[in-house]
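Welcome, and thanks for taking a look at this one. Please have the sequence and the coordinates open side by side while you read the notes below.

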Amino acid sequence: MNDEPTLRAGEKPSAYVSAVEEHTRMAPAVKEAGTSASSRTAVAELVSKGLASRWLGTGAAVAALALPLVSSSTYVIQIAVDALIFVMLAVGLNIVVGYCGLLDLGYAAFFAIGAYTSGLLSTRFEWPLIATLPVVVIAAIVGGLLIGGPTLRLRSDYLAIVTLGFGEIIRITANNLDFTGGPNGLYGIPDFGDFGLRADIALYWITAVVVIAAVLFSSRLGRGRIGRAWRFVREDEDAAEAMGIHTYRVKFAAYIAGAVFGGIAGVLFAAHQTAISPPSFNFLWSALILMAVVLGGMASTPGVVVGALVISLLPELLRGAENWRYLIFGLLLIVVMVFRPQGLLPARTGEPGRRGHRAQEGAS
Amino acid sequence: MNHLQLVLSGLFVGSFYALVALGYSMVYGIIKLLNFAHGDLYMLGAFAGFTVLSVGAGALGGGFIALIFIMIVAMIATGGFGMLLERVAYRPLRSAPRLSVLITAVGASFALEYGIAVAFGPTPEVYPIGVQDGTLHIANAQITYAQLAMMAIAVVLMVALDTIVRKTRSGRAMRAISQDPKACLLMGVNVDRVISRTFFIGSALAGAAGVMAGAYYGKIDFLMGFIIGLKAFTAAVIGGIGNLRGAVLGAIVLGLLESFGGAYLGSEWRDVFAFGFLILFLTVRPTGLLGERVTERV
């Protein structure tokens, strides 16, 4: 009755095997759940899956949307928008680091590209903010092509340090050019319009909708065909290539997807802050986003969202202890990697050991 | 535009880069790890020297003897810290996926930077030793004796390193591990100890560069290692990462490039120029000037 005999707890099959297993296992599980209770494993799995993704996700989304009804103080809305934008960044970086295993240390660069592109178009050329979105997406893709093109063919370490350099290039360029406002940056960036609501609440709802869509999109992306390909490449690039995956193209897809997420988050940031300047996009940002992804659990959407919320809301609680906070974050990164590399809320998919264990429990 | 002056200042900056790039390249050559914290070890060296100076300011006096003494203390301190870092953060992950080690390295870099910020305060510290004295005029260019002396120290350290790696027993072990760590283990080489030693030497060189930078520029702060770490990596890539003579060559090339690029494009574009060059170099010749093509075996 158990249709997953190949896996036992503790056994670690290769990434390729686990992803294929996962695929074949999903189909019968969904079919049987409606018709009979013959496979309690499948039901249990389905329930836990539903709890993990659907209801939890919906609940979080509803809570996020309902926040202004609960408390509409300017302060709460302000930090909530910040936190949501941070969630979007973390989810975008999760595609690159979590799914595909490419270390991007200059993610703030795409954030900056998005913020500056929309800021420039809306202040210098008086475009409405929404109209800058396609240009932002194109700019983010071009940035991704410029950096990914040469480096994704090389070993993954090179990507890490080149993205670090790229982050600096973007920041210094924005700082040096007169066109981008130099060290003062851009100010007077409009928002999306207030739709008859209080301006900050309107922006909150727009941000919430965009971010919820982004979270949903990235988690679907991770579960689809390309998501499986990403996980192959992460686990064993050579094996993936041998199995016919075009690793360069797949890595490129992840990198570009991450870039677009970063760019759109940049638009939200520009609208929220109304003023942007180069220091907003330094390495600290990239590092904090990376921490959210790593601490929450790489490749796990709920984990990353929680990680991002924790990292972005913590400073509100720990005001004035900035340097201590960063010191602890740095140490935490080491501790997490050494003792719990899967993060606080690890991804469910791609963990055959645990799944096999649960299946045996259910069958007994 | 005084070209000779540009060459001289390029060589001077290049010798700093070389000291840091050597450690980067050594560690990469042996365990294929990009030690992001390497630039911060340079910063740590500067602060170690600063501490020694503040504690023993009166007893040491000024001048070069004091500088060399401080440098030795700082080298031992950073070298020891590099070993500790390897033991605590990198060794447990030696068989883990590369991504984990890279993230740990980022964490180590972060912890070091903000650890120093907590201990010494985030504002820049003034280095209590300065080396300002005469200048030497060569044709229409000039170089200070301090610059010359620092370049000399750098050259001495590089020659010493080259001798260690090429002539001694433990240097042979290092080269062997960089070729095949498993075979070394089977041949009775104490791999852990040799890796530890590599970290010590690499970190000590970065610490020496840190003290020199502190004494020369007169100011240190907890983020000073960030840019220089990136630059040293660029230098190591230009020369061919893992190749020690290549790292020195790359550092000199980068120093000259920056000095000329800064002169022609404006100094605010110097860093952009350097990193742009890194990306270009990786596109055109990722193995570097002296690196040979390595086919990765599965």
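What follows is a short tour of a predicted model, going from confidence and overall make-up to single residues.

The predictor gives this complex an ipTM of 0.82 and a pTM of 0.80. Chain A holds 14 helices and two strands, while chain B holds 12 helices and four strands. The two chains touch through a contact that takes 36 residues from chain A and 36 residues from chain B.

**Confidence**

- Chain B has a mean pLDDT of 83, and 93% of its residues reach 70 or more.
- Among the elements of chain B, the highest mean pLDDT, 89, belongs to helix 9 (residues 191-217), and the lowest, 60, to helix 3 (residues 57-60).
- A friendly reminder: where pLDDT is low, the predicted coordinates should not be read in detail.

**Overall make-up of the chains**

- For the 298 residues of chain B, a compact globule would have a radius of gyration near 19 Å, and chain B agrees with its 19 Å.
- The C-alpha trace of chain B spans about 55 × 45 × 35 Å along its principal axes.
- In chain B, 52% of the 298 residues count as buried; in chain A, 49% of the 364 residues do.
- Taking contacts in chain A between residues at least 6 apart in sequence, 79% join residues at least 24 apart.
- In chain B, 78% of the contacts between residues at least 6 apart in sequence join residues at least 24 apart.

**Where the chains meet**

- On the side of chain A that touches chain B, the elements giving two or more residues are helix 5 (133-151), helix 6 (156-176), helix 11 and helix 13 (322-339) of chain A.
- Which helix of chain A gives the most to this side? Helix 6 of chain A does, with 13 residues.
- By residue type, the side of chain A that touches chain B divides into 25 nonpolar, eight polar and three charged residues.

**Helices inside chain A**

- Helix 3 (residues 74-99) and helix 11 (residues 283-296) of chain A pack with their axes 9 Å apart and at an angle of about 70°.
- Helix 3 and helix 11 of chain A are therefore roughly perpendicular to each other.
- Helix 3 of chain A brings F86(A), L89(A), A90(A), L93(A), N94(A), V97(A) and G98(A) to this contact, and helix 11 of chain A brings I289(A), L290(A), A292(A) and V293(A).
- The residues in the contact of helix 3 with helix 11 of chain A are nine nonpolar, two polar and no charged.
- Helix 8 (residues 225-235) of chain A is largely enclosed by the rest of the structure, because eight of its 11 residues are buried.
- The buried residues of helix 8 of chain A include the arginines R228(A), R231(A) and R234(A), and also W230(A) and F232(A).

**A buried methionine in chain B**

- M150(B) sits in helix 6 (residues 145-167) of chain B.
- Is M150(B) buried or exposed? M150(B) counts as buried because it has 25 C-beta neighbours inside 10 Å.
- Leaving aside residues up to four places away in sequence, M150(B) touches M212(B) and Y216(B).
- S15(B) is 135 residues from M150(B) along the chain, yet their C-alpha atoms are separated by 8.5 Å.

**Two exposed residues**

- H3(B), in helix 1 (residues 3-31) of chain B, counts as exposed, with 12 C-beta neighbours inside 10 Å.
- R124(A) and F179(A) are 55 residues apart in sequence and 9.3 Å apart in space, C-alpha to C-alpha.

**Backbone angles to check**

- Most residues other than glycine have a negative phi.
- T274(A) is not a glycine, yet has a positive phi of about 60°.
- T274(A) lies in the loop between helix 10 (247-273) and strand 2 (275-276) of chain A, and is partly exposed, with 14 other C-beta atoms within 10 Å.
- K32(B), also a residue other than glycine, has a positive phi near 55°.
- The loop between helix 1 and helix 2 (38-55) of chain B holds K32(B), which counts as partly exposed with 15 C-beta neighbours inside 10 Å.

Conventions: Residues are numbered from 1 along each chain as its sequence is written. Chains are lettered from A and ligands numbered from 1 in the order in which they are written. This is a predicted model: local features need pLDDT of at least 70, side-chain atom pairs count only at pLDDT 80 or more; totals for chains, interfaces and linings use all residues. The radius of gyration is taken over C-alpha atoms; the globule rule is 2.2 Å times the number of residues to the power 0.38. A residue is buried if 20 or more other C-beta atoms lie within 10 Å of its own, exposed if 12 or fewer, and partly exposed in between; C-beta atoms are placed from the backbone. Two residues are in contact if their C-beta atoms, placed from the backbone, lie within 7 Å. Axes are lines fitted to C-alpha atoms, for helices over the stretch in contact, and angles run from 0 to 180 degrees between N-to-C directions. Angles under 35 degrees count as roughly parallel, over 145 as roughly antiparallel, 65 to 115 as roughly perpendicular and the rest as oblique. Ala, Val, Leu, Ile, Met, Phe, Trp, Tyr, Cys and Pro count as nonpolar, Asp, Glu, Lys and Arg as charged, and the others, Gly among them, as polar. pLDDT is the predictor's confidence in each residue, from 0 to 100.
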